Amino acid sequence: MAFVALAMSTSDSLGACTPAEIGAITFSGTALPPYNPFTNTTPRLVTVTVASTVACSVELAFQATSNPARMLGPGTLIYDVQSQGNSTSLLFISGTPSTTTRIDIPAGNVGSATVQIALSPNQVVSSGIYGDTSLVAHIYDKSGTSLTPLKSASVPITGSVAAACQFASPTNPTMNFTGAITNGMPSPSYVGSVTLPSLNCTAPSLVRLSAEPMRLASTASNAAFDNTIHFRASATLGGATAVLTTTSGSEAVSTLGNVASGATTNASVRIDVNLLAGRPLLPGIYSSLLTLSIDPNP
C-alpha cells in the first residue's frame with residue numbers, strides 16, 4: 001500500500017488580472033495620531049483593499065514625490081510606507097518599484113494587505129495639521145520579475161504634530177548661597193545661575209517659575225531674627241522671561257512666548273537667582289525648591 005501526499009497553495013494558483021477586472025481601491029487608517037517627537041512612535045497600520053471580478057494575485061507599491069515621503073503643514077514631516085512589521089520601504093519615485101507587497105483576491109470579492117506608515121523619530125517641527133495629497137497606490141500584475149500596471153488610486157495621508165517640549169537637566173541643579181550671607185545678613189549682590197541645555201519645542205512656549213522662600217530647617221524662632229530668606233529668580237528662553245519674587249507670590253509666568261511662531265531647537269534656559277535684603281538670620285540650613293516649567297500649551 002502506498003500513500004501519496006497532495007498539497008496546493010491557493011494563493012499560488014491565482015491567475016493574473018486585467019485592468020478592466022480590477023475594481024475599487026480603498027484605504028483605512030490613513031489618519032495618523034498626533035506625533036510627539038519626544039516619545040516613542042508606533043507605526044500606523046493601514047489596510048489597503050482591492051476589489052476584482054475574478055480571482056487573481058496583484059502587487060502593491062506606493063509612488064511619492066520624494067523618498068522618504070513628506071507631509072506638509074507648518075513645517076515638513078518625513079514618513080515612509082513600509083511592509084507590515086519591518087522597515088522595508090514600499091515607496092518609489094518614478095519608473096517601476098523595486099519592492100512590492102502581494103494581495104490575493106478571491107473571485108468576485110476583495111483582497112487586502114496591511115502596510116505601515118512610519119514617521120522618522122526626533123523630528124522637531126512646528127505643531128499643527130499636516131498632510132500629503134501626492135501619495136499614490138499602484139496595483140500591478142506580476143509575471144516573473146515584470147510588473148504590469150493595472151490601476152492606481154490617491155492615498156490621502158493626514159496627521160498632526162503635538163505641542164510639546166523637552167529639555168535636559170542641568171549638570172549641577174543645586175545653587176549654594178552660603179557665600180551670599182555676610183555677617184548673618186543676606187547679600188542681594190550675589191547671583192547664582194544655572195543653565196538647562198538642549199531645549200526643543202514644537203510650539204511657542206511660556207516660561208513658568210514657582211517656589212516658596214528658603215526656610216530654616218529647624219523650628220527655631222527669635223523676634224529679632226529672620227528664619228526665612230526671600231529671593232528673586234528670573235528665567236529667560238528667547239523672548240520669554242519670567243521673574244519670581246517670593247515676597248510677592250509663589251509663581252510667575254512670562255507674558256510672551258519664547259518665539260512668535262514655529263519650533264525651537266537646541267536652545268537653553270538660564271536661571272538667575274539672588275537673595276533679597278532682610279534682617280539678620282538665625283543660624284542653620286535654609287533651603288527651597290525652585291521649579292521651572294516650559295509650557296507649549298498656555
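Q: Which residue in β19 is the bridge partner of Met-214?
A: In this predicted model, where local features need pLDDT of at least 70, side-chain atom pairs count only at pLDDT 80 or more, and totals for chains, interfaces and linings use all residues, the partner of Met-214 in β19 is Ile-229. Residues are numbered from 1 along each chain as its sequence is written, and side-chain values use heavy atoms, with hydrogens and water left out.

Q: Why are β18 and β19 said to pair?
A: Strands are DSSP runs of E with at least two residues, helices are runs of H or I with at least four, and both are numbered from the N terminus. Two strands pair if DSSP finds at least two bridges between them; β18 (residues 214–216) and β19 are joined by two bridges, so they meet the rule, and they run antiparallel.

Q: What makes β19 and β24 edge strands?
A: The open sheet of three strands has the order β19-β18-β24, with antiparallel pairing. Within this sheet, β19 (228–229) and β24 (286–287) each pair on one side only, and they are the edge strands.

Q: Which strands pair with β8, and over how many bridges?
A: Strand β2 (residues 44–52) pairs with β8 over eight bridges in the antiparallel sense, and Val-50 stands opposite Gly-111 in β8. Strand β5 (residues 76–83) also pairs with β8 in the antiparallel sense, over five bridges, and there Val-81 stands opposite Ile-117.

Q: Why is strand β8 called mostly covered?
A: A residue is buried under 20% relative accessible area, exposed over 50% and partly exposed in between, as judged with a 1.4 Å probe on protein chains only. Of the 10 residues in β8 (residues 110–119), seven are buried, and the strand is therefore described as mostly covered.

Q: How do you know that Cys-17 and Cys-56 form a disulfide?
A: A disulfide is a pair of cysteine sulfur atoms within 2.5 Å; the S to S distance of Cys-17 and Cys-56 is 1.8 Å, so the pair qualifies. The link is left-handed, with -85° about the S-S bond.

Q: Why is the disulfide of Cys-165 and Cys-201 called right-handed?
A: The torsion about its S-S bond is about 115°, so this disulfide is right-handed. Its S to S distance is 1.9 Å, and it links strand β13 (residues 165–166), which holds Cys-165, to strand β16 (residues 191–201), which holds Cys-201, 36 residues apart. Numbering the bonded cysteines in sequence order, the pairing in the protein is 1-2, 3-4.

Q: Is Cys-165 buried or partly exposed, and what of Cys-201?
A: Cys-165 has a relative accessible area of 22%, so it counts as partly exposed, whereas Cys-201, at 0%, counts as buried.

Q: What makes a space a cavity, and how many are there of 30 Å³ or more?
A: On a 1 Å grid over the protein atoms alone, a cavity is a set of points where a 1.4 Å probe fits but cannot get out, while a pocket is an open set with protein on both sides within 12 Å along at least five of seven lines; lining residues have an atom within 4 Å of a point. Grid points are joined across faces, edges and corners, and a volume is the space filled by probe spheres set on the points. By this rule there is one cavity of 30 Å³ or more. Its lining includes Val-81, Val-115 and Ile-117.

Q: Why is the lining of the largest cavity classed as it is?
A: Ala, Val, Leu, Ile, Met, Phe, Trp, Tyr, Cys and Pro count as nonpolar, Asp, Glu, Lys and Arg as charged, and the others, Gly among them, as polar. The lining has eight nonpolar, no polar and no charged residues.

Q: Which residues are closest to the centre of the largest pocket?
A: The largest pocket has a volume of about 730 Å³. Of its 28 lining residues, Met-175, Asn-176, Phe-177, Met-214 and Ser-288 are the closest to its centre. The lining divides into 20 nonpolar, eight polar and no charged residues.
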